[in-house]
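Visitor: I am new to this structure, and I would like to learn how to read it. Could you walk me through a few of its features?

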Amino acid sequence: MTKAKTLNLGIDVGSTTVKCVVMDDDGHILFSNYVRHLSKVKGTVISALGEIRGKLGDVNCRVCFTGSAALGLAERSHLPFVQEVESAYRCIKCGYPQADAAIELGGEDAKIIFITGGLEQRMNGSCAGGTGAFIDQMATLLHVSLSELDELSLSSTTTYPIASRCGVFAKTDIQSIINQGAKKEDVAYSIFDAVAEQTVAGLAQGREITGNVLFLGGPLHFLKGLGKAFKARLNLDDEEAFFPDDAETFMAKGAAIYAKSMQEPPLSIVDIKTRVEISPNANS
């Protein structure tokens, strides 16, 4: 009987989403997903593991968690965890060794990872200003969906200053420019420009972002106008700005790459799912 291959599973639990990637040892992606957890982290992870089993069967996996909301669940489930900066670095070195820096936007966090000149990660604090949640709020304010906000932004001709550090101030700014007769297209792009400005100025803190830059995370993957705003803020051309096809699951992929290097024995998907299911709740 041929021995079943061991696969590599990375699970990225962020502030608003769960991402899973299953890879073989040759780097081929066999499964990936990206889903909002709506604060039901444990249930969403369990559901994702069930989805993996449904597609791939009860395969054996080396597994590793990563992400801002993953540590507690990993510890309670007695499963490995790796910091985001390490999972990102592993994935970047495998696929984009020419990258000098990476910018990632999540639901409620934003980070810059400097690679050239010394590995360093800088992340926003407790405020969700300038993140995916902020963009959600601004789309609601304009009574449009995220996809509509993005489409509007791509037809913009004028950029207005908006305070992205605080949703309250941003709403005031937006109402003011709307009252001045600003087009919705220009308001939409100005929102994205404010996010880019806040990320670059607030997180870089004087360290220059130059060379080849990767753009990661759901917002930068799904919102093309947001990527355009970052490129403009950083004066990047098309050869310097990289938008990976799997940007939304990049950290989960990095965790899967990290899992491959670990000495932990592989577990079946059923075993992994059971560990998560019987793990105590966070407030237990």
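Guide: We will go through helix packing and then the cysteines. This is a predicted model, in which local features need pLDDT of at least 70 and side-chain atom pairs count only at pLDDT 80 or more, while totals for chains, interfaces and linings use all residues. Residues are numbered from 1 along each chain as its sequence is written, and side-chain values use heavy atoms, with hydrogens and water left out.

Visitor: How do I read a pair of packed helices?

Guide: Two packed helices are described by the angle between their axes and the distance between the axes. Helices (H or I, at least four residues) are DSSP runs, numbered from the N terminus. Axes are lines fitted to C-alpha atoms, for helices over the stretch in contact, and angles run from 0 to 180 degrees between N-to-C directions.

Visitor: At what angle do α4 and α7 pack?

Guide: Helix α4 (residues 132-141) packs against helix α7 (residues 184-204) at about 160 degrees, and their axes are 11 Å apart. That makes α4 roughly antiparallel to α7 (angles under 35 degrees count as roughly parallel, over 145 as roughly antiparallel, 65 to 115 as roughly perpendicular and the rest as oblique).

Visitor: Which residues make that contact?

Guide: From α4 come F134, I135 and M138, and from α7 come I191, F192 and V195; contact means heavy atoms within 4.5 Å. By class, this contact has six nonpolar, no polar and no charged residues (Ala, Val, Leu, Ile, Met, Phe, Trp, Tyr, Cys and Pro count as nonpolar, Asp, Glu, Lys and Arg as charged, and the others, Gly among them, as polar).

Visitor: Which residues of α4 are buried?

Guide: They are G132, A133, F134, I135, M138 and A139, where buried means under 20% relative accessible area (1.4 Å probe, protein chains only). After α4 comes H143, whose phi is positive, near 60 degrees.

Visitor: How does α5 pack against α7?

Guide: Helix α5 (residues 146-153) and α7 pack at about 105 degrees, with axes 7 Å apart. That makes α5 roughly perpendicular to α7. Here L149, D150, L152 and S153 in α5 meet K184, E185, A188, Y189, I191 and F192 in α7. This contact has six nonpolar, one polar and three charged residues.

Visitor: How many disulfides does the structure hold?

Guide: A disulfide is a pair of cysteine sulfur atoms within 2.5 Å, and the structure holds zero. For C61, the nearest cysteine sulfur, that of C20, is 10 Å away. C61 is buried, with a relative accessible area of 0%. For C64, the nearest cysteine sulfur is also that of C20, 12 Å away, and C64 counts as buried at 0% relative accessibility.

Note on methods: Helix = DSSP H or I, 4+ residues; strand = E, 2+ residues; numbered from the N terminus. Buried < 20%, exposed > 50% of the residue type's maximum accessible area, 1.4 Å probe, protein only.
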